[in-house]
Amino acid sequence: MAQLNNGVAASVTQKQPLWLLAEVTYRCPLHCAFCYNPTDYDKHTKNELTTEQWISALRDARKMGAIQLGISGGEPLLRDDIEEIVAEAHKLGYYSNLITSGVGLTEKRIQAFKEGGLDHIQLSMHDVTEDISNFITNTRTFELKKKVAAMIKSHGYPMVLNVVIHRYNIDQVGKILEMAEALGADYVELANTQYYGWSLVNRDQLMPTREQLDRAEAATNAFRERVGNKMKVFFVVPDYFADRPKKCMNGWGEVFMIVTANGDVLPCHSARVLPGMTFPNVRENGLEWAWKESPAFTKYRGMEWMKEPCRSCDEKENDLGGCRCQSYLLSGDAEMADPVCTKSPNRHLIDEALINSQNPLVREQPIIFRTDKNSKKYVEGDKERIEQFHALP
Amino acid sequence: MENNIQHSDIYAIALHHRFQWEEAQQSYVILFPEGMVKLHGGAGEILKRVDGKTTVGEIVVDLKTTFPDAEDIENDILGMFDLAVGKAWLRKLN
Ligand code: SF4
Ligand code: SF4
């Protein structure tokens with residue numbers, strides 16, 4: 001389950017990679033329309049790190065201060081060494097989290113995770129209806145996910161559900177929360193889609209309206225009021241509807257470090273889209289060098305790199321200029337203020353996207369699902385053919 | 001401060017939470033799904049004594065003995081328990 005995580009709760013003075021995200025594979029049996037994995041992930045599916053390489057990366061990152069470990073993908077359970085990785089993580093003192101679609105989780109494996117010391121499992125759910133859930137993942141996985149939820153609960157794990165929100169399920173938020181309650185969830189993250197990778201390709205199809213968003217927030221608040229402390233509900237607000245950008249990853253190279261399936265070390269999930277940058281790889285240089293010295297990690301750390309309007313902005317400490325990838329993906333300029341910001345000269349790009357997504361001619365275009373076949377087209381540079389699907393008639 | 005903590009109370013670290021010393025940060029932390037809290041000196045000293053067996057009263061006595069120079073720490077300790085219970089870092093056993 002590929003999710004963005006911007007909700008870091010930590011106060012540190014010294015920059016340490018507190019959070020390590022191990023994207024152990026890009027292979028996935030699901031085909032979610034909103035997946036933020038790179039559209040060309042197919043080229044990273046053949047040179048995955050070995051078990052030994054993962055274990056030594058965990059060891060190195062722990063020495064540097066990493067403590068929260070997310071094991072993600074793709075679908076991590078497609079690897080058969082997750083048990084080993086989890087056990088090693090526990091020995092090293094990580095608080096570890098398996099982020100999964102649930103496909104491939106069996107009694108035998110969950111037993112092994114428990115024995116190995118895995119701390120929690122985060123399961124993705126999509127809707128209260130089988131139709132929407134199966135539609136958006138492009139698979140028949142709805143019933144299976146419910147079974148997996150029960151299995152997680154019965155093994156004494158906290159139940160952490162992640163629900164990506166988009167226009168197909170946003171009107172069901174109240175019911176989704178009730179379903180989560182019935183399943184015994186302890187934490188629910190309602191993660192409004194952020195537009196990277198496949199979700200950017202499908203942005204016009206996934207974007208809700210502002211009215212939908214307001215209703216969803218109201219439903220969430222009403223639910224919180226009723227249920228109280230028993231279940232924690234996080235509502236990740238979609239930045240397109242805000243007038244200031246998010247402090248992406250809590251700052252470039254501040255607390256997050258991602259190691260991808262092929263060993264690339266990234267400060268954020270989608271950093272590889274940025275032009276002219278070479279990212280360190282665990283096969284070549286150690287993690288310590290990657291974090292402290294590599295040009296990729298130092299480039300956008302802090303505020304030195306900024307230009308106007310961010311440079312002289314009195315709010316720059318709040319958001320550090322927003323997201324470099326979003327700025328580049330939408331405007332072609334990685335160093336400009338995030339287009340979400342109303343002070344950015346590129347804000348019109350967001351407003352246009354919001355308007356476009358309400359145009360029935362655009363929003364009813366077919367979704368491009370995250371499949372190996374579609375990804376191969378991106379790898380081959382066949383982007384135009386795919387973009388044609390989205391061109392206005 | 002409003003305080004619901006009794007000397008006879010016994011607490012343990014909440015389910016799914018972990019309390020540990022972090023060398024890299026030179027402090028105690030509490031870990032839970034999607035989050036982490038760094039505990040400053042005094043808070044760490046208190047929570048490290050929370051073991052599901054010792055009463056709040058015993059912890060107060062222990063801390064007073066360990067830090068004889070600290071003045072009026074009892075209120076601080078009870079306040080810390082109140083906060084930690086409010087944040088659901090601790091669960092009450094009795
Ligand atoms: S396709 Fe779905 S389940 Fe698979 S990595 Fe992407 S978002 Fe996660
Ligand atoms: S101008 Fe730049 S620093 Fe100021 S609020 Fe906008 S994005 Fe943030």
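Me: Does L320(A) count as buried or exposed, and at what relative accessibility?

Reply: The general idea is a cut-off on relative accessible area: buried means under 20%, exposed over 50%, and partly exposed in between, using a 1.4 Å probe and protein chains only. At 15% relative accessibility, L320(A) counts as buried. L320(A) sits in the loop between α12 (316–319) and α13 (324–331) of chain A. Those element names come from DSSP runs numbered from the N terminus, with helices being H or I of at least four residues and strands E of at least two.

Me: Before we go on, what kind of model is this, and how is it labelled?

Reply: This is a predicted model, in which local features need pLDDT of at least 70 and side-chain atom pairs count only at pLDDT 80 or more, while totals for chains, interfaces and linings use all residues. Residues are numbered from 1 along each chain as its sequence is written, chains are lettered from A and ligands numbered from 1 in the order in which they are written, and side-chain values use heavy atoms, leaving out hydrogens and water.

Me: Where are the cis peptide bonds?

Reply: One joins G73(A) and G74(A), with omega about 15 degrees; G74(A) is in the loop between β2 (68–72) and α2 (82–92) of chain A. Another joins E308(A) and P309(A), with omega about 5 degrees.

Me: How do I read the two sides of a helix, say α2(B)?

Reply: Start with burial. In α2 of chain B (residues 56–66), V56(B), G57(B), I59(B), V60(B) and L63(B) are buried. Seen down the axis, these buried residues fall within an arc of 160 degrees, so they line one face of the helix; the arc is taken from the directions from the axis to the C-beta atoms. They pack against β1 (11–13), α1 (41–47) and α3 (73–86) of chain B. The face turned away carries the exposed V61(B) and T65(B).

Me: What does the interface between chain A and chain B look like in numbers?

Reply: Taking contact as heavy atoms within 4.5 Å, 30 residues of chain A meet 17 residues of chain B. The buried area, meaning accessible area (1.4 Å probe) lost on putting the two parts together and summed over both, is about 1,800 Å², with carbon and sulfur atoms giving 48%. I67(A), Y95(A) and Y187(A) supply 28% of what chain A buries against chain B, more than any other three residues.

Me: How many salt bridges are there across the interface, and over all chains?

Reply: A salt bridge is a side-chain nitrogen of Lys or Arg within 4 Å of a carboxyl oxygen of Asp or Glu. The count between chain A and chain B is two, including R18(B) with D119(A), whose closest N and O atoms are 2.9 Å apart. Over all chains, the search finds 27. Among them is D42(A) with K46(A), at 3.5 Å; D42(A) is buried, at 8%, whereas K46(A) is exposed, at 64%. Another is D171(A) with R215(A), at 3.3 Å. This pair links distant parts of the chain, 44 residues apart.
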